[in-house]
Amino acid sequence: MPVVQIVIFGFALTNEVKNAKIAVLDNSKDEATTSLIAEFSNSRYFDVEKNLVSYNQVQQEFKKGKIKLAVIFPQNFSRDLQHLNKAQVQLIADASDPNVANTLTAYANAIIADYQNSITNNRKLPYTINTEMRMLYNPQLKGAYNFVPGVMAMVLLLVCTMMTAITIVKEKEMGTMEIMLVSPMRPQIVVIAKAVPYLLLSIVNIITILLLSVFVLELPINGSITLLMLESILFTLVSLSLGLLISAAVASQQTAMFISLVALFLPTVMLSGFMFPIENMPLPLRTVSNIVPAKWYYIIVKSVMIKGLGIKDIWKETLVLTGMLIFFLTMAIKKFKIRLA
Amino acid sequence: MQAIIIENIIKTYGKSKDVMALNNISFNVQKGELFGIIGPDGAGKTSLFRILTTLLLADSGKATVDGFDVVKAYKQIRKIVGYMSGRFSLYPDLSVEENLNFFATIFNTSIKENYDLIKDIYVQIEPFKNRKAGQLSGGMKQKLALSCALIHRPSVLFLDEPTTGVDAVSRKEFWEMLKGLKQQGITILVSTPYMDEADLCDKVALMQNGKILSIDTPGGIINNFSNPLWAVKSSQMFHLLNDITKQDFVKDVYPFGEFHHVVMKDKSGETLLKNFVQMHQEDKMQIKELKPNIEDCFIALMKN
Amino acid sequence: MNNNYAITANNLTKRFGDFVAVDNISFEVSKGEIFGFLGANGAGKTTAMRMLCGLSLPSSGTATVAGFDVYKQNEKIKRSIGYMSQKFSLYDDLTVKENMQFYGGIYGKSDAFIIKKTAFILNHLHLEKEANVLVKALPLGWKQKLAFSGAIFHEPEIVFLDEPTGGVDPVTRREFWNMIYQASDLGITIFVTTHYMDEAEYCNRVSIMVDGRIEALDTPSKLKSTYNAASMDDVFLKLARKAVRACRLNNWHETIFSF
């Protein structure tokens with residue numbers, strides 16, 4: 001276990017950003033922009049994913065969540081550089097993850113500065129390339145934009161999964177489940193009755209977190225609140241069914257706690273994209289992250305709350321969560337025993 | 001009418017099914033009977049109770065409760081039986097009254113509806129109805145658990161070790177309550193590790209290591225004990241035990257309260273024992289003939 | 001230690017708030033004596049025993065165990081006593097031999113002592129063949145006997161037995177008492193609680209606690225004649241029925257301690 005942790009933390013989970021997907025809008029298409037774009041391509045930090053043709057496309061690409069950064073060259077970039085000794089380049093970063101945005105703009109600036117120095121070397125008068133930066137979605141680079149969705153995912157998971165699993169298993173330990181089984185009451189009703197209060201509690205939790213983030217952290221809710229609530233309830237249901245599944249499978253509170261923590265909490269923290277960018281993980285971890293429900297919820301919350309997107313942009317993630325809900329619930333009901341063994 | 005029919009029940013545990021909890025058990029319980037299953041821990045009492053209350057599946061064999069099959073008709077059985085497990089299975093954070101109300105609700109009934117049945121038991125704890133169940137003494141918890149098991153007027157009552165770890169006074173009170181319930185026509189199957197409780201049952205099964213040693217009325221079991229049984233006492237109890245063990249006429253001897261119980265091989269032993277006492281007058285030896293009790297029978301059956 | 005008492009208690013009292021769990025109890029237990037400590041559930045037995053084992057401080061009164069003061073010398077007390085309860089006895093996942101070594105180890109006994117003593121116990125209990133068997137595979141009766149051997153492994157002066165024979169079959173129960181007698185012959189003082197009243201007869205002296213007080217203390221035969229009873233069972237019932245403590249409220253303090 002400690003070996004696995006060291007390997008995962010040391011190599012796989014890193015805050016360093018590599019191979020970030022970027023898009024380029026080259027309105028100038030001259031010698032200078034071509035070499036600069038080549039510099040970007042050659043850098044191990046960036047993958048030039050797309051060459052765009054219009055400014056509108058830039059917006060769309062960000063909405064799709066495909067790119068982290070866009071580099072935009074104005075018309076006559078080379079000419080301005082040659083004649084005026086200075087030129088402009090615009091960097092637009094997806095700042096819904098402010099850490100990544102900061103890192104990427106810093107890398108980009110470094111590449112541009114390098115290029116500027118390399119061409120200046122042969123001349124007396126220095127060239128200056130000014131970069132104009134725009135932080136999309138989160139102009140102030142507030143950390144809250146990142147951690148609020150993460151905290152929401154964690155709180156819901158903690159309350160729903162762990163608490164449901166523990167309270168049901170507690171009944172098993174106390175022996176009251178035994179008495180309940182030997183009664184005309186259908187066992188499924190017992191279990192559902194255990195889950196409902198946590199669903200209600202979770203809704204209160206979601207509202208509290210949202211109120212706090214809007215009024216205390218001054219975070220905007222750019223998308224539809226109804227959609228956000230519905231998606232949150234969907235995630236809550238996924239967590240609850242996971243809790244039920246755990247409670248059906250284990251016999252002691254300790255085991256329930258352990259499984260909730262190790263099998264759910266840690267992956268949520270590490271693999272949901274909230275602490276460590278998923279793009280930088282090695283393939284096996286990236287694959288595993290797909291089965292972490294929180295990853296999908298995290299994407300949804302960021303999209304709706306911060307990017308202000310609607311259901312048509314997040315239907316895929318919603319579908320994944322719905323699939324998970326059906327799977328876990330079926331498993332939990334199947335696993336639930338009408339007898340003790 | 002048979003309330004419970006058990007035929008060739010086998011139950012094993014473990015991956016290789018090597019732990020034999022119940023080894024081919026068969027017996028019947030008549031309607032309205034107070035039937036005791038007497039045996040130490042590990043005899044298989046709890047496994048048997050769980051099979052009959054539909055909580056466990058037997059490896060093989062058949063059982064019915066009130067005519068319902070424990071496997072196929074488990075839903076019907078759950079409607080008609082009352083079950084009290086040896087563990088304290090009440091909600092400690094709920095009050096006495098809340099617990100009772102809760103169990104009444106899950107059985108689709110109310111305290112009022114069946115109050116007459118639990119009245120004699122419940123009045124004893126009613127003064128504390130607002131106290132949390134977790135704060136009751138052992139005897140009180142037991143009474144509450146019994147009230148909860150009875151609240152839906154079950155036709156068969158399963159009590160798995162209700163008196164284990166409970167002091168002698170509370171045990172006596174508990175058996176008084178069972179007598180009262182029996183008069184109401186409820187069939188009661190009760191298990192206990194205390195041998196002296198056997199006398200209070202209509203019929204008992206003595207169990208050890210998953211097998212039934214004997215099954216009969218307490219009187220019947222005692223009548224089957226054919227060897228003469230004497231009690232011996234002296235001022236040197238420990239030496240007396242060693243001395244008597246060596247005698248040829250003795251089949252078995254063991255301490256029993258303030259006496260040693262001597263089981264003789266046959267009638268002729270009685271004179272020999274009297275001679276033995278004559279020879280050891282300095283130890284103030286006392287002897288008397290005894291009617292065996294269930295514990296004597298259990299020991300004899302175990303050693304057979 | 002020049003006196004002949006293994007345990008002395010003088011007006012020993014334990015209060016939990018307004019509740020007097022143990023109310024001014026005084027008694028002595030002689031060395032090598034088998035002392036039965038009886039009482040109904042909630043009479044205060046467990047609390048009294050905890051004080052004597054140095055696990056809980058008395059509210060007032062004095063007591064010595066093996067000559068040591070329960071207030072100041074509880075670490076020394078722990079070294080000179082053995083303890084066995086129905087609940088905790090042995091580690092299921094260790095073998096018979098490892099359990100014995102463990103008992104020797106926690107009392108800091110030398111390796112030579114442990115090896116010799118383990119061999120002796122295994123021989124004595126006829127468990128040589130099972131030395132390397134996991135304890136969980138043993139029948140309950142054997143476990144209880146083994147647990148007792150563990151409790152007296154370090155040759156304590158006093159051993160406290162809390163319901164050692166609960167749920168044990170009648171034959172094993174007698175074998176267990178045989179072991180108690182042997183330990184007592186070696187000079188070990190036995191302090192035992194039980195719910196089996198016939199076992200009370202096996203004790204040299206018996207005390208019966210009611211509502212936190214010691215209501216009776218004598219040899220079984222004297223108790224029977226004093227209370228005009230046929231058996232210890234009757235004596236116990238006559239005394240315990242006197243209990244007035246509201247609903248024999250107990251456990252709440254025990255619940256607090258179980259955390």
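Leaving aside neighbours within four places in sequence, Ala195(A) is in contact with Thr164(A), Leu240(A) and Leu244(A). In this predicted model, Ala195(A) belongs to helix H8 of chain A, which covers residues 187–215.

- Ala195(A) counts as buried because 23 other C-beta atoms lie within 10 Å, and the cut-off for a buried residue is 20 or more.
- Leu234(A) stands 39 residues from Ala195(A) along the chain, and the C-alpha atoms of the two are separated by 14 Å.

**Strand pairing in chain B**
- Strand S1 (residues 2–13) and strand S2 (residues 19–30) of chain B are antiparallel partners, with 8 bridges between them.
- Within this pairing, Ile9(B) has Ile25(B) of S2(B) as its bridge partner.
- The hairpin formed by S1(B) and S2(B) has 5 residues between the strands, and Gly14(B) takes a positive phi near 90° there.
- S1(B) also runs antiparallel to strand S4 (residues 60–65) of chain B, to which 5 bridges join it.
- In that pairing, Ser60(B) of S4(B) is the bridge partner of Ile10(B).
- In a regular strand, side chains alternate between the two faces of the sheet.

**Two sides of helix H9 in chain B**
- Helix H9 of chain B spans residues 269–279, and its buried residues are Gly269(B), Leu273(B) and Phe276(B).
- These residues lie on the same side of H9(B), because they cover an arc of only 55° around the axis.
- An α-helix has 3.6 residues a turn, so residues three or four places apart point the same way.
- The other side of H9(B) carries the exposed residues Thr271(B), Lys274(B), Asn275(B) and Gln278(B).
- The buried residues of H9(B) pack against four strands of chain B: S11 (229–233), S12 (250–256), S13 (259–264) and S14 (286–289).

**Nonpolar cores**
- The largest nonpolar core contains 92 residues, and those with the most contacts inside it are Leu52(B), Leu144(B), Phe158(B), Ile188(B) and Leu189(B).
- Helix H5 (residues 138–150) of chain B supplies the largest share of this core, 7 residues.
- Another core, of 83 residues, lies apart from this one and has Leu81(A), Val100(A), Tyr107(A) and Val304(A) among its members.
- When neighbours within four places in sequence are left aside, Leu52(B) is in contact with Ile4(B), Ala63(B), Val65(B), Val70(B) and Phe158(B).

**Contact between chains B and C**
- Chain C places 34 residues in contact with 32 residues of chain B.
- On the side of chain C that touches chain B, two or more residues come from each of these helices of chain C: H6 (170–185), H7 (197–200), H8 (220–226), H9 (232–240) and H10 (252–257).
- H6(C) gives the most to that side of chain C, with 5 residues.
- By class, the side of chain C that touches chain B comprises 17 nonpolar, 10 polar and 7 charged residues.

**Contact between chains A and B**
- Chain B brings 18 residues to this contact and chain A brings 14 residues.
- Helix H2 (74–80) and strand S6 (81–84) of chain B are the elements that give two or more residues to the side of chain B that touches chain A.
- The residues on that side of chain B divide into 9 nonpolar, 5 polar and 4 charged.

Definitions and conventions. Residues are numbered from 1 along each chain as its sequence is written. Chains are lettered from A and ligands numbered from 1 in the order in which they are written. This is a predicted model: local features need pLDDT of at least 70, side-chain atom pairs count only at pLDDT 80 or more; totals for chains, interfaces and linings use all residues. Two strands pair if DSSP finds at least two bridges between them. A residue is buried if 20 or more other C-beta atoms lie within 10 Å of its own, exposed if 12 or fewer, and partly exposed in between; C-beta atoms are placed from the backbone. The arc is that of the directions from the helix axis to the C-beta atoms. Two residues are in contact if their C-beta atoms, placed from the backbone, lie within 7 Å. A nonpolar core is a set of buried Ala, Val, Leu, Ile, Met, Phe, Trp, Tyr and Cys residues joined through C-beta atoms within 7 Å. Ala, Val, Leu, Ile, Met, Phe, Trp, Tyr, Cys and Pro count as nonpolar, Asp, Glu, Lys and Arg as charged, and the others, Gly among them, as polar.
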